Amino acid sequence: MIITQQKPFEEIIGFLERSNAVFICGCSECATLCKTGGEEEVKQMKKRLEETGKKGSGWVVLDPACNILENKKHFRENKAQLSKADSILVLACGNGVQAVSESIDKIVYPGVNTLFLGDIIRFGQFEERCQLCGECLLDKTGGICPISRCSKSLLNGPCGGSENGKCEIDPDIDCAWQLIIDRLSKQEQIDRLKEIIPAKDWSTSRDGGPRKLNIREPHHKKAATSKEKKTEEAKTPVSSVKANSNLRRILDGGEFAVTGELGPPKGADAEVIKKKALYFKDSVDAVNITDNQTAIVRMSSIAAGVILSQMDIEPVVQMVCRDRNRLAIQSDILGAAALGIRNVLCLSGDHQKFGNHPQAKNVYDLDAIGLIQVLKSMRDEKKFLSGDSLTVSPQLYIGAVENPYADPYEFRAIRLAKKIEAGCDFIQTQGVFNVKKFRDWMKIVRDSGLDGKVHILAGVIPIKSAGMARYMRDYVSGVSLPDEIVSRMEDAKDPKEEGTRICVEIIEQLKEIEGIHGIHIMAVAWENIIPVMVKQVKLWPRPKIENIRAS
Ligand code: SF4
Ligand code: SF4
């Protein structure tokens, strides 16, 4: 049913300013169940309007408000009262308001806000269930809709922020993917999730323009969907043109890689990048440039990556699915490759709720796995997602992220396998603090034979203070930071020194784990510690690329 909520009375009074006599319409169905537009609410509204000096010129509960034919009948029956009305206030969903507007030539105002299509959980409690995408995929997800119930509409499993069954954006919201996994596990159908759900064809949704249906007309044959086109693409022989980036040569050459992370500035100042970059030069093999990290607007990762390239520092340009649709992504990838960017890291991206534009509309046209598939197709098949050919393929080394600590733990290796199948060449993990849990995850990865299919770089985060340790332990979803580390930071005379020591100890342990081919250092606002740490863990000097065989 369509869930509605009554507008604030002051707002209603505001738009009724020019109306003395108001006719009120309710709706016998959804708005009655929502207690926003049934007979009781219509009468209450009439009374309140009269208390403000308006003349109630009549009312009717339409049956239902979205039926234009029925509305016309009701309006004929109430013709006398309607003729005296200056306007009509409709206590029904947006559909109903428009149906009333199409049924009579009067000024029509909405008295409720239309929220979503949802279920009644219990009396007065509703939850969103469907976004009317036009091509239902509930057969693949145990009858639980990831489009409407996952905050990022992810199609191929949970993001790295799922924790204790709850969504990273709000502990009161269930993680849709935890629900899906639980349901399919119970039904012994979990293997269904191993299959990659390809980029969705949104042309069947509102994105394809306003929709119509006439049940008397035969179904029109749809244009070839992206899925059909992908099947055709699969027949095209693969001729991989993986970029011969430094990072690839280090990893394929069997060297232990070191990457770092640089957050671009919140301004158009290239000098900030250049200054920070000096801490990375000669200390790491490549530098990740974050893409509006934590949903805060910053200089573009591609632009910052080009600045690094000009300094002979190899960038790993991060690209999130939150901010771009498939047109923008493919266009940006072509541009980035033309500017010499070789390494691209695919992520879903933090929800905009965490950032400085929480009012923004997110995109999530693709999820991270869909993004990997698109880049691989552009690189190896010279095809856009639409199936159209492109002229010069972008040479890319494709990366993705994985969080061994996010819930549901048992699904993390399956998600990694899907990323590998989609075409990623290397993985960078969430920051490791809990080495034991990470080791356990790596065992699952090795037992699944995944370590031989992708290069895995373990993420590390040096912590500067006890406050930062507590914050990460308590508030950052998807992070597992043991109490012991917090205690060490709290007891330390020099917290920065202790934070460095802890990180160095973790790196030393990670180096010994079979299947780990490098580390990724995320020194948030502490870039100058990177050369210090790389030396302490004896990963300096970095191998000379010219001494490594080309792949
Ligand atoms: S997959 Fe589409 S049609 Fe099915 S429930 Fe979700 S949004 Fe609705
Ligand atoms: S935690 Fe992630 S996967 Fe789960 S519902 Fe929220 S956004 Fe979706």
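**A closer look at the salt bridges**

Reply: Let's start with Arg473, which pairs with Asp483 in a salt bridge whose closest N and O atoms sit 3.1 Å apart. Keep in mind that this is a predicted model. The pair ties together distant parts of the chain: Arg473 belongs to helix 17 (residues 466-475) and Asp483 to helix 18 (residues 483-491), ten residues apart.

Now for Arg324, which forms a salt bridge with Asp291, with 2.9 Å between the closest N and O atoms. This pair, too, links distant parts of the chain: Arg324 is in the loop between strand 12 (315-320) and helix 13 (326-338), while Asp291 is in the loop between strand 11 (286-289) and helix 12 (301-310), 33 residues apart. Here Arg324 is buried, and Asp291 is buried as well.

Then there's Arg129, in a salt bridge with Glu127, where the closest N and O atoms are 3.1 Å apart. Glu127 has a relative accessibility of 32%, so this residue is partly exposed.

If you're wondering about the total, the structure holds 37 salt bridges. The general idea is simple: side chains with opposite charges can pair when their charged atoms come close.

Notes:
Residues numbered from 1 in each chain as written. Chains lettered and ligands numbered in written order. Predicted model: local features only at pLDDT ≥ 70, side-chain atom pairs only at ≥ 80, totals over all residues. Heavy atoms only, no water. Salt bridge = Lys/Arg side-chain N within 4 Å of Asp/Glu carboxyl O. Buried < 20%, exposed > 50% of the residue type's maximum accessible area, 1.4 Å probe, protein only. Helix = DSSP H or I, 4+ residues; strand = E, 2+ residues; numbered from the N terminus.
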